[in-house]
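I opened this notebook to record what I looked up in the structure, entry by entry. The entries follow the order in which I took up the topics.

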Amino acid sequence: MRQEELGSLLERAEVIRRELEIYTAAAVQDARHRGEKWENVARAAHVAPETARARWGPERVARMMDLHANDKLAAPARWHGARLAPAGAVVQEEVVDRVAGEGPMNQLASALTRLQGASGKTIREVAEFAMLSPSFISRVLSGDRLPTWDLVCALCEFFDSDPAELRVLFEAAHGLSAQQRLPVTMAIEQLHAAVRGLHLAANSPSAERIEALSGKTVSAWAARRVLAGIDVPEWEVLAGLIFALGGRPAEVKPLWEAVHYGFLMCDDPGLPDGVTHIPYAEAEE
């Protein structure tokens, strides 16, 4: 590799660093499962017990493992004692475990972390822009601290992203519910933004991966069209998509209902530009 450019070599080094982080987190997790106390973990890692808890707490390690698995386009490793899980149950179990381990706060943190990584901005640069301490920004990005909406908007501005995509994640993290009975166009925009936010938080899996995670409830074709802002599908398909992305369908359903309510109440609603398909037979039930 001696003849490679420095940028390529540094990219390789970054991949190795991430693999080492995963290896370390897995080793600590295994030790904790064997009954090791945090004091022993901290002593072995040459850090304070509080640092060990913050760095390798169960929720944070679960999120690291899930993001790593998405990066590799492979299901996370699962412990099943001496037996293997049935092959047909692997995908469904992955989704269930991910939804159980990924709370709204962690999903919001994951989405912000992805934006920060894609922007190329360092933690210090983000902190200087937001006029906050680097440690506070680190806690927000790790899911240890819940940001205000103003901070989310500021970070999205700095990362050159649309804060609307994180609105539903933010509201869910704060225990808020989305507004109902919005104008149709606004509801469609917010619905698609919410799906894109969940997609970002899930590390942007491919349409084919979404199809597999949903147990083929959502086709790759349908996933692409929803993510592109073209379609608002039937609730069964949309719920399957949200679930496959690690979200909670109940948190997005008010937006879907607002879209269909608006169309049911109009004699000739028409379709907003770019939207070609909004079936609402199920809403009539």
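I take helices (H or I, at least four residues) and strands (E, at least two) as DSSP runs, numbered from the N terminus. I note that this is a predicted model, in which local features need pLDDT of at least 70 and side-chain atom pairs count only at pLDDT 80 or more, while totals for chains, interfaces and linings use all residues. Residues are numbered from 1 along each chain as its sequence is written, and side-chain values use heavy atoms, with hydrogens and water left out.

**Entry: overall make-up**

I looked up the secondary structure of the chain and found 16 helices and zero strands. Of its 285 residues, 41% count as buried, where buried means under 20% relative accessible area, exposed over 50% and partly exposed in between (1.4 Å probe, protein chains only). Taking a contact as heavy atoms within 4.5 Å, I noted that 64% of the contacts between residues at least 6 apart in sequence join residues at least 24 apart.

**Entry: positive phi**

I checked Asn203 in the loop between helix 11 and helix 12, and its phi is near 70 degrees, a positive value in a residue other than glycine. Most residues other than glycine have a negative phi. Asn203 is buried, with a relative accessible area of 13%. I then turned to Asp160, in the loop between helix 9 (149-158) and helix 10 (167-173), which has a positive phi of about 60 degrees although it is not a glycine; Asp160 is exposed, at a relative accessible area of 72%.

**Entry: salt bridges**

I used the rule that a side-chain nitrogen of Lys or Arg lies within 4 Å of a carboxyl oxygen of Asp or Glu, and the count by this rule comes to six salt bridges. One of them joins Arg17 to Glu21, with the closest N and O atoms 2.3 Å apart; both residues lie in helix 1 (residues 6-33), four residues apart, about one turn of the helix. Arg17 is partly exposed at 37% relative accessible area, and Glu21 is partly exposed at 38%.

Which parts of the chain does the pair of Arg224 and Glu208 link? The closest N and O atoms of this salt bridge are 2.1 Å apart, and the pair links distant parts of the chain, with Arg224 in helix 13 (residues 220-227) and Glu208 in helix 12 (residues 207-213), 16 residues apart. Arg224 is partly exposed at 43%, as is Glu208 at 45%. I also recorded the salt bridge between the side chains of Asp231 and Arg225 (2.8 Å, N to O), in which Asp231 counts as buried at 5% relative accessibility.

**Entry: helix packing**

For axes I used lines fitted to C-alpha atoms, for helices over the stretch in contact, with angles from 0 to 180 degrees between N-to-C directions. Helix 11 (residues 184-201) and helix 14 (residues 235-244) pack at about 30 degrees, with their axes 9 Å apart. The contact is made by Leu191, Val195 and Leu198 of helix 11 and Leu238, Leu241 and Ile242 of helix 14.

The axes of helix 6 (residues 104-119) and helix 8 (residues 134-142) come within 6 Å and cross at roughly 115 degrees. Here Asn106, Ala109, Leu112, Thr113 and Gln116 in helix 6 meet Val140, Leu141 and Ser142 in helix 8.
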